[in-house]
Amino acid sequence: MSEVLDGSVGLATVNILLLSLLFVVGIAIARLRSLFAIVMLSGLYSLLSAVWYVVVDAVDVAFTEAAVGAGMSTVVLLGAMLLTSRMAKPEKRLARLGPLVVVLVTGAMLIYATVDLPAFGDPNSPVNTGVGYEYLLVNWNDTGIANVVTSVLGSYRGFDTLGETTVVFVAGIAVAMLLGFGERSLAESIRKDDKTTKSSAKNTVKSEGKS
Amino acid sequence: MSSSHHVILRVVSKTLIPVIALYAFYVQFHGDYGPGGGFQAGVILAVAVILYALVFGVPSAMRAVPPAFTRTLAAFGVLLYSGVGFWALIRGGNFLEYGALFNEAPGGHKGQHIGILLIELGVLCGVSGAMLTIFYSFAGRVAEIRDEDW
């Protein structure tokens with residue numbers, strides 16, 4: 001027992017605290033019906049998982065999770081929420097059974113799979129012995145770039161990153177083709193704003209007082 | 001959103017937005033040494049504009065960063081990235097082979113540095129342009145965010 005706790009009590013406590021917070025937030029998201037609260041909690045979920053990634057030394061992943069999960073997707077979900085109603089419809093009791101079974105079975109399979117995973121930070125795990133170790137050895141001579149993550153993404157796997165950038169670009173264009181670029185629906189309000197800024201300040205105060 | 005309320009939000013975000021944009025460029029150009037790179041920097045840069053849009057209204061954000069500019073930026077980013085690939089191709093190397101960019105001797109790192117800088121710049125432009133395009137298409141559907149929606 002003392003071996004398990006030795007030297008990493010603080011880290012274990014932080015891990016348990018963060019993961020239980022994630023669990024609580026997940027349960028809250030599943031239970032809530034107010035869409036605004038769900039969107040905010042999903043941002044919180046991303047932020048908590050970003051903190052947890054920092055704890056397990058995956059700084060780049062944490063960075064991306066904080067920027068994309070907590071920042072960008074929360075905003076996009078907020079925008080999507082504004083287009084629909086504010087409350088989710090309550091489901092029938094029987095209809096909840098199917099998802100519950102799927103979640104339980106998937107969770108059981110994932111927990112079963114963790115038994116085979118190598119220990120965290122194990123130097124003999126396949127991740128640390130195979131290609132990853134090769135990259136660490138040859139990177140400095142090949143590229144002269146200190147951050148191996150950057151040199152792998154930009155140089156060794158440049159094709160993949162080009163593909164990813166194209167995917168992001170195509171996603172942006174696809175959303176714009178489905179929803180419109182957004183400028184046409186706003187053209188009227190932009191013109192109105194221009195008019196109000198041009199007209200005297202007295203008018204602006206008056207119209208604000210009305211609304 | 002009228003200017004009579006949300007004073008704290010306005011003041012705080014006015015000071016924060018330049019810092020966020022500056023931080024995006026730090027992440028961009030420091031990617032060779034620390035965590036981060038074009039993708040994260042692009043998202044952070046887009047978030048700076050989105051924060052402005054959320055606090056000061058989408059129309060004023062669209063006047064500062066027009067939607068036509070964001071979609072051009074996204075296309076320019078992908079073009080810049082693949083342009084580096086074709087540059088290497090023209091110089092006699094393989095597609096995206098940075099060593100061939102300046103015809104340097106084996107072991108030289110100038111091509112790697114310049115090539116990665118340029119493609120990260122392409123990723124920055126592509127990602128921030130695409131993210132802003134997505135945000136504008138969602139936010140442009142609602143003329144104004146009413147206070148009771150918050």
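Helix H4 of chain A, residues 59–82, has 24 residues, which at 1.5 Å a residue should span 34 Å; its end C-alpha atoms are 33 Å apart, in agreement with that value. The expected span of a helix is taken as 1.5 Å times one less than its number of residues. Helices (H or I, at least four residues) and strands (E, at least two) are DSSP runs, numbered from the N terminus. H4(A) carries a kink of about 30 degrees centred on Ser73(A), the bend at a residue being the angle between axes fitted to the seven residues ending there and the seven starting there.

The structure is a predicted model, in which local features need pLDDT of at least 70 and side-chain atom pairs count only at pLDDT 80 or more, while totals for chains, interfaces and linings use all residues. Residues are numbered from 1 along each chain as its sequence is written, and chains are lettered from A and ligands numbered from 1 in the order in which they are written.

Chain A contains eleven helices and zero strands. Of its 211 residues, 19% count as buried; a residue is buried if 20 or more other C-beta atoms lie within 10 Å of its own, exposed if 12 or fewer, and partly exposed in between, with C-beta atoms placed from the backbone. Two residues are in contact if their C-beta atoms, placed from the backbone, lie within 7 Å. Among the contacts in chain A with a separation of 6 or more, 45% are accounted for by residues 24 or more positions apart.

H2(A) is hardly covered, since the count of buried residues among its 23 residues is zero. In the loop between H3 and H4 of chain A lies Asp57(A). Phi of Asp57(A) is near 70 degrees, a positive value in a residue other than glycine. Asp57(A) is exposed, with 10 other C-beta atoms within 10 Å.

Chain B has five helices and zero strands. Its radius of gyration, taken over C-alpha atoms, is 19 Å, whereas a compact globule of 150 residues would have one near 15 Å. The globule rule is 2.2 Å times the number of residues to the power 0.38. The C-alpha trace of chain B spans about 65 × 30 × 20 Å along its principal axes. Buried residues make up 47% of the 150 residues. Of the contacts in chain B between residues at least 6 apart in sequence, 63% join residues at least 24 apart.

H5(B) has 30 residues and reaches 43 Å from its first C-alpha to its last, close to the 44 Å expected at 1.5 Å a residue. Because 25 of the 30 residues of H5(B) are buried, this helix is largely enclosed by the rest of the structure.

Two further residues of chain B are buried. Gly85(B), found in helix H4 of chain B, has 20 other C-beta atoms within 10 Å and is therefore buried. Leaving aside neighbours within four places in sequence, Gly85(B) is in contact with Leu162(A), Phe95(B) and Leu96(B). Leu96(B) lies in the loop between H4 and H5 of chain B and is buried, with 24 other C-beta atoms within 10 Å. Phi of Leu96(B) is near 65 degrees, a positive value in a residue other than glycine.

Between the chains, 47 residues of chain A are in contact with 58 residues of chain B. The elements giving two or more residues to the side of chain A that touches chain B are H4, helix H8 (148–156), helix H9 (158–179) and helix H10 (183–198) of chain A. By class, this side has 24 nonpolar, 19 polar and four charged residues. Ala, Val, Leu, Ile, Met, Phe, Trp, Tyr, Cys and Pro count as nonpolar, Asp, Glu, Lys and Arg as charged, and the others, Gly among them, as polar.

A nonpolar core is a set of buried Ala, Val, Leu, Ile, Met, Phe, Trp, Tyr and Cys residues joined through C-beta atoms within 7 Å. The largest such core has 61 residues, and Met72(A), Val43(B) and Met131(B) are among those with the most contacts inside it. H5(B) gives the largest share of this core, 15 residues. Apart from neighbours within four places in sequence, Met72(A) is in contact with Ala67(A), Val43(B), Ala46(B), Val47(B) and Met131(B).
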